[in-house]
Structures are given as C-alpha cells and as structure tokens.
Amino acid sequence: MGRMSEGELESFLTTNGSCTLACLEPDGAPYIVPVSYIYTNECFYIRGRARATWAQYLQQDQRISLCVSDEDGRRVLVKGNAELIEGPALLRESQTGVLWEEKAAREGWGDWWLKLADEPFWYFRVSPIKITTAGYWAKRYKHYDW
C-alpha cells in the first residue's frame, strides 16, 4: 500500500473522525492529544473545550501536527498552522457549530450531541503546509519487496 491519490486522500480524510494532535507547550515540550476533526475545503476544523490545555497552547504557538490513521495502517501526517476562528463560544451559538451538527447527524451521535449544546468550545482552522500519506509500510522502509 503506497501513497494515496488525491481522491483517496479526500475520501480518507472525510470519513475518519479523529486524529492525534501535537502542539508545543510554552517550554517547547511536545503536547499530544486525540481530538475530533472535520475536513472540508482543504482545511481541518478542530475544537477544544474552553478549559482544554492544548487550546491554550495553540493560542501561544500556532504550529501544529496532526496524524489521522485507520485500522488498516493507512495514515495521513499533516504539518500546519492552527488559526483561532472562534471562542470560547457555545456550540449551539457558534458560527462553525453547524459543521459539528452535520457531523453529529452523519455519525449518529444522538442525545450526546444535545448535551454539548451549552458547552463553550474554542474553534480552530488548520491550514496544512504539508500533507504526507502512507500505507502500513512505505516502500522506502523495506529492505526487500514482500
């Protein structure tokens, strides 16, 4: 399994719903956390609860990495910048909340979604600088073909 085509990449990113986010703590140490995301218009949208530590870190340093993977070993690595677009804002009053409402309906979140309506979130848009795709074993890591 090699690199993904543009169509495979689009399909992969729009059907997977979580990823690992890496950002930097104020002292420069890495901070890594799983987050939910939405991919649309070649950007990633992520949200963090009002008290999320990583959301505070992104406001100090916008550099971010994301790793989206699946059970088959396919993965997409993203290097980019996170722009704060809103927050903290209540989910039901948010301008980007409609994206999350659509995701909830698509993925069958049910009543859980309604519980979040009165919770404040930070909303970020991640503009990719570099996207790398790979299968389970990229060819360059193999010592022989199998």
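This is a predicted model: local features need pLDDT of at least 70, side-chain atom pairs count only at pLDDT 80 or more; totals for chains, interfaces and linings use all residues.

Mentor: The largest nonpolar core has 27 residues, of which Leu13, Leu21, Phe44, Ile46, Trp54 and Leu58 touch the most other members. At least two residues of this core come from each of the helices α1 (6-15) and α2 (53-60) and from each of the strands β1 (18-24), β2 (30-40), β3 (43-49), β4 (63-69), β5 (75-90) and β6 (120-134). Apart from this core lies another, of five residues, including Leu91, Leu116, Phe121 and Tyr123.

Leaving aside residues up to four places away in sequence, Phe44 touches Leu13, Tyr37, Ile38, Tyr39, Leu66, Val68, Val78, Phe124, Arg125, Val126 and Pro128. The loop between β2 and β3 holds asparagine 41 and glutamate 42. Although neither is a glycine, phi is positive in both, at about 55° for asparagine 41 and about 60° for glutamate 42. Asparagine 41 is exposed, with a relative accessible area of 67%, and glutamate 42 is likewise exposed, at 60%.

The cysteines complete the picture. Cysteine 19 is buried at 5% relative accessibility, whereas cysteine 67 is partly exposed at 26%. The sulfur of cysteine 19 has its closest cysteine sulfur in cysteine 67, 8.1 Å away, and is therefore too far for a bond. A search of the whole structure finds zero disulfides.

Finally, strand β5 contains proline 88, which is joined to glycine 87 by a cis peptide bond with omega of about -5°.

Definitions and conventions:
Residues are numbered from 1 along each chain as its sequence is written. Side-chain values use heavy atoms; hydrogens and water are left out. A disulfide is a pair of cysteine sulfur atoms within 2.5 Å. Buried means under 20% relative accessible area, exposed over 50%, partly exposed in between (1.4 Å probe, protein chains only). A nonpolar core is a set of buried Ala, Val, Leu, Ile, Met, Phe, Trp, Tyr and Cys residues joined through side-chain atoms within 4.5 Å. Helices (H or I, at least four residues) and strands (E, at least two) are DSSP runs, numbered from the N terminus. Contact means heavy atoms within 4.5 Å.
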